[in-house]
Amino acid sequence: MFKLPDLPYGYDALQPTISELTMRTHHDKHHAAYVNTTNQILGERGETPSSLEDVIRAAKDKGEQRLFNQSGQAWNHAFFWACMAPQGGRPSGALAEAIAQFGGLDQLKSKFVAEGVGHFASGWVWLIADRSGALKVTSTHDADTALVHEGAPLLVCDLWEHAYYLDYKNDRKGFLEHWFDTVANWSFAEQQLQAAKGQGQAYRYPAPQA
Ligand code: MN3
């Protein structure tokens, strides 16, 4: 069944933007619970799917909300870990060119932060690329995932309070600003953009194990 993927860096690697305590709680408790419950639901049905992406899409098509929520959250968190790096760097290449459509990185940041701050309650704020390669900032509610919507996800930030409350209390804006400036993984976002254009492989959740 599906395994909880390890973080691609240490629990303390994103400090001071995100504390070790937040990362441990978020990964080992929240994310683990979503993966475990997904496995439990599939186990009860005796199903052995070949990918988490298939599970999410099928659950959405069939209106299976409980499975969609759990599997969507399992995927969103794994994708979120990949969207961060201790040295997030700066956008380059085709991604930098695409970001120029917003006027530049500062303008994209304003849009991304405003979308996240304006999003009511729990969810996710995304940078996605549409079919033409143009970028868009969107948000989804609760467990909903850009995976099942139009466009290819490049970057996501978690808007659930558990993502920032220990470190920022109610200051979601402060969290999003620091996140964008310091740990957003621009080289990952560029790989995702290239994959959306048919070059290389887009992010996939690790395949299930027997
Ligand atoms: Mn979360």
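Which residues of the largest nonpolar core touch the most other members? In this predicted model, where local features need pLDDT of at least 70, side-chain atom pairs count only at pLDDT 80 or more, and totals for chains, interfaces and linings use all residues, the answer is Met84, Leu127, Leu135, Trp179 and Trp186, out of 65 residues in that core. Residues are numbered from 1 along each chain as its sequence is written, and side-chain values use heavy atoms, with hydrogens and water left out.

A nonpolar core is here a set of buried Ala, Val, Leu, Ile, Met, Phe, Trp, Tyr and Cys residues joined through side-chain atoms within 4.5 Å. Buried means under 20% relative accessible area, exposed means over 50%, and partly exposed is in between, with a 1.4 Å probe and protein chains only. With nine residues, helix 3 (residues 65–82) gives the most to this core. Helices (H or I, at least four residues) and strands (E, at least two) are DSSP runs, numbered from the N terminus. Because domain 1 (20–82) and domain 2 (93–196) both give residues to the core, it lies between them.

The bounds of these domains come from an automatic or database domain assignment. The C-alpha centres of domain 1 and domain 2 are 21 Å apart. Across the boundary, 20 residues of domain 1 are in contact with 24 residues of domain 2, contact being heavy atoms within 4.5 Å. Trp186, one of the core residues named above, has contacts beyond its neighbours within four places in sequence; among them are Gly88, Pro91, Leu127, Leu155 and Phe180.

Attention may now turn to the metal site. The protein donors of the manganese ion are His26 (NE2), His77 (NE2), Asp158 (OD) and His162 (NE2), at 1.9 to 2.2 Å from the ion. Donors are N, O and S atoms within 2.8 Å of the metal (3.2 Å for Na, K and Ca); water is not among the atoms, so sites may look incomplete. Along the chain, the donors of the manganese ion follow the spacing H-x50-H-x80-D-x3-H. His77 belongs to helix 3, whereas His162 belongs to the loop between strand 3 (152–158) and helix 6 (165–168), so the pair ties together parts that are 85 residues apart in sequence. Both His77 and His162 are buried.

How many residues of strand 1 are buried? Seven of the seven residues of strand 1 (residues 123–129) are, so this strand is largely enclosed by the rest of the structure. Gly123, Val125, Leu127 and Ala129 point one way from strand 1, while Trp124, Trp126 and Ile128 point the other way. Strand 1 pairs with strand 2 (residues 135–141) in the antiparallel sense over seven bridges, and two strands pair if DSSP finds at least two bridges between them. In this pairing Gly123 stands opposite His141. The hairpin of strand 1 and strand 2 has five residues between the strands, and Gly133 takes a positive phi near 95 degrees there. Strand 1 also pairs with strand 3 in the antiparallel sense, over six bridges.

In one of them, the side chains of Arg24 and Glu20 meet at 2.9 Å, N to O. Arg24 and Glu20 both lie in helix 1 (residues 20–45), four residues apart, about one turn of the helix. Glu177 is partly exposed at 28% relative accessibility, and Lys173 is partly exposed at 45%. Elsewhere, salt bridges that share partners join Arg45, Glu47 and Glu64 into one network.

Some details of the backbone remain. Most residues other than glycine have a negative phi, and most peptide bonds are trans. The peptide bond from Gln15 to Pro16 is cis, with omega near 5 degrees, and Pro16 lies in the segment before helix 1. Asp142, in the loop between strand 2 and strand 3, has a positive phi near 55 degrees. Lys169, in the loop between helix 6 and helix 7, has a positive phi near 50 degrees.

Technical notes: A salt bridge is a side-chain nitrogen of Lys or Arg within 4 Å of a carboxyl oxygen of Asp or Glu.
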